[in-house]
Amino acid sequence: AIFWSPAYSTAHAIIKGGGFELPYQIAIGLSGVLYALAGLVFVFRLLRKKFSEDVSILSILSVAGVTNLYFYGSIDTVNSHVLTFFASSVFLNLLLQERPPWLAVGISYALIGLIRMQDLVWGLLAIPPLVHTKFIRNSLLFLCGMFVMLLPQLAIWKIFQGTFYAN
């Protein structure tokens, strides 16, 4: 909902419908395409740090054209898969910087969890970089970023479900 709200709000400002009409679906679908493209740009930037431009382009074309990203990024864009790809590519770009901005890494990690809880397995990738830095300080920054991003969701669950976690 966080990622789709700009497209939804724009469509609503234009047509003032009930939220389920075709313009809403088109707006959200187009935003899905944009998130897929932005995710590919982030992965390309990450690849360019280690590989030549030709190898990076070939890799991106392979990911875009041969994996399920092609389907979910162009045909069935109203699913969370494209959003997970985008959020994960942002997370990796932040995490794999020479000096990761740990607060932003935590925020991006929490976004992955807000999209699909099972994708929190990405957090395992943060362990080695954390261990090789100022562990306590950076871990606290990471956890603070997560908490800031998760706080609104936790509050909504508490208000509507009576618990801080709803499955």
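In which helix is the place of Val 131?

Mentor: Val 131 is placed in helix α7; helices (H or I, at least four residues) and strands (E, at least two) are DSSP runs, numbered from the N terminus. The model is a predicted one, in which local features need pLDDT of at least 70, side-chain atom pairs count only at pLDDT 80 or more, and totals for chains, interfaces and linings use all residues. Residues are numbered from 1 along each chain as its sequence is written, and side-chain values use heavy atoms, with hydrogens and water left out.

Val 131 is partly exposed, its relative accessible area being 49%. On this scale, buried means under 20% relative accessible area, exposed over 50%, and partly exposed in between (1.4 Å probe, protein chains only).

Val 131 contributes to a nonpolar surface patch of about 800 Å², together with Val 121, Leu 124, Ile 127, Phe 135, Ile 136, Leu 140 and Leu 143. Two elements, α7 (127-131) and α8 (135-161), each give two or more residues to this patch. Helix α8 supplies the largest share, namely four residues. Patch members have over 30% relative accessible area and no salt bridge; like charges are joined within 9 Å and nonpolar side chains (Val, Leu, Ile, Met, Phe, Trp, Tyr) within 5 Å. A salt bridge is a side-chain nitrogen of Lys or Arg within 4 Å of a carboxyl oxygen of Asp or Glu.

The C-alpha trace spans about 50 × 50 × 25 Å along its principal axes. The accessible surface of the protein chain (Shrake-Rupley method, 1.4 Å probe; for residues, only the protein chains shown count as cover) comes to about 10,400 Å², with 70% of that area belonging to carbon and sulfur atoms. Of the 167 residues, 34% count as buried. Contact here means heavy atoms within 4.5 Å. Among contacts between residues at least 6 apart in sequence, 61% join residues at least 24 apart.

Ser 88 has its place in helix α5 and counts as buried at 4% relative accessibility. Leaving out residues up to four places away in sequence, Ser 88 touches Ile 112 and Trp 122. The side chains of Ser 88 and Trp 122 are also joined by a polar contact of 3.2 Å. Such a contact is a pair of N or O atoms within 3.5 Å; within protein, one must be able to donate a hydrogen and the other to accept it, and residues adjacent in sequence count only if both atoms are side-chain atoms.

Ser 89, also in helix α5 (residues 80-95), is buried with a relative accessible area of 4%. Its side chain reaches the backbone oxygen of Phe 86 at 2.7 Å. Beyond its neighbours within four places in sequence, Ser 89 is in contact with Gly 39, Phe 42 and Val 43.

Gly 32, in helix α2 (residues 22-48), is buried at 1% relative accessibility. Its contacts, apart from neighbours within four places in sequence, are Thr 77 and Val 82. Gly 32 and Thr 77 are 45 residues apart in sequence, but 5.1 Å apart in space, C-alpha to C-alpha.

The aromatic residues complete the picture. Rings of Phe, Tyr and Trp (its six-membered ring) pair if their centres lie within 6.5 Å; planes under 30 degrees apart count as stacked, over 60 as edge-to-face and the rest as tilted. The count by this rule is nine aromatic pairs. One of them, Phe 3 with Tyr 35, is edge-to-face at 5.3 Å centre to centre, with 80° between the planes. This pair links distant parts of the chain, since Phe 3 lies in the segment before α1 (5-15) and Tyr 35 in helix α2, 32 residues apart. Both Phe 3 and Tyr 35 are buried.

Tyr 8 and Tyr 24 form a tilted pair, 4.8 Å centre to centre with 35° between the planes. Here the link runs from helix α1, which holds Tyr 8, to helix α2, which holds Tyr 24, over 16 residues. Tyr 8 is partly exposed at 33% relative accessible area, whereas Tyr 24 is buried at 1%.
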